[in-house]
Amino acid sequence: MDDTAMKITQESWAMVEREIPHWPNIFYTKMFSDPGVAKLFKFSDGDFINNPTFQAHTQKVKDTLHTAMGSLDAFDKLGPVLKKMGERHAAYGCLPEHSDNFREAFMHTLKTGYADNWNDELEDAWTQCLDALLAPFDEGLADALAEQAN
């Protein structure tokens with residue numbers, strides 16, 4: 001990810017946190033449109049948005065993304081953390097194709113939040129950012145899945 005993309009994503013993420021506090025609802029509604037992903041979450045049925053387990057989970061996700069976005073300039077430290085996260089997600093039943101679902105749901109969330117203000121510059125910056133964040137996660141996931149297969 002280049003420096004311009006890093007700056008754009010960090011600034012735009014701050015706006016998302018400030019202006020779209022309900023972003024997890026948008027994100028998980030989109031993620032759960034894939035039954036293969038939804039089945040991995042016990043709280044995905046029915047009115048999951050008001051489920052206390054969902055709310056606790058989304059707080060952890062919000063905290064993690066806040067930290068990750070603030071740590072993009074220290075990717076040498078962030079990358080190993082994301083790799084470990086990928087390893088842990090293998091135990092939850094996560095599969096490599098679920099990263100595509102994550103990417104699609106995340107971009108959908110941003111585009112929904114930005115509405116008419118979404119533009120090519122944001123698209124490019126967030127594509128670079130998600131590529132950077134998901135690469136170590138996917139590596140950790142693949143390693144853990146390979147170990148499970150042995």
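User: In what do the side chains of E139 and K83 meet?

Analyst: A salt bridge is a side-chain nitrogen of Lys or Arg within 4 Å of a carboxyl oxygen of Asp or Glu. Here E139 and K83 meet in one, at 3.3 Å from N to O. This is a predicted model, where local features need pLDDT of at least 70 and side-chain atom pairs 80 or more, while totals for chains, interfaces and linings use all residues. Residues are numbered from 1 along each chain as its sequence is written, and side-chain values use heavy atoms, leaving out hydrogens and water.

User: Which helices hold E139 and K83?

Analyst: Helices are DSSP runs of H or I with at least four residues, numbered from the N terminus. E139 sits in helix α7 and K83 in helix α5 (residues 75–91), so the pair, 56 residues apart, links distant parts of the chain. Salt bridges that share partners also bring in D143, giving one network of K83, E139 and D143.

User: How many salt bridges does the structure hold?

Analyst: Eight. One of them joins K30 and E104, at 3.4 Å from N to O. That pair spans 74 residues, from K30 in helix α2 (residues 23–31) to E104 in helix α6. Another pairs R18 with E19, whose closest N and O atoms are 3.3 Å apart.

User: Is R18 buried or exposed?

Analyst: Go by relative accessible area: buried is under 20%, exposed is over 50%, and partly exposed lies in between (1.4 Å probe, protein chains only). R18 has 56%, so it counts as exposed. K30 is partly exposed at 25%, and E104 is partly exposed too, at 48%.

User: Which residues does T109 touch?

Analyst: Contact means heavy atoms within 4.5 Å. Leaving aside residues up to four places away in sequence, T109 touches W23, I26 and F27. T109 belongs to helix α6 (residues 98–114), and its relative accessibility of 5% means that it counts as buried.

User: At what angle do helix α1 and helix α7 pack?

Analyst: Axes are lines fitted to C-alpha atoms, for helices over the stretch in contact, and angles between N-to-C directions run from 0 to 180 degrees. Helix α1 (residues 3–19) and helix α7 (residues 120–149) pack at about 100°, their axes 9 Å apart. That makes α1 roughly perpendicular to α7, a label for angles of 65 to 115 degrees. On the α1 side the contact uses A5, I8, T9, S12 and W13, and on the α7 side E121, L122, A125, W126, Q128 and C129.

Terms used
Helices (H or I, at least four residues) and strands (E, at least two) are DSSP runs, numbered from the N terminus. Angles under 35 degrees count as roughly parallel, over 145 as roughly antiparallel, 65 to 115 as roughly perpendicular and the rest as oblique.
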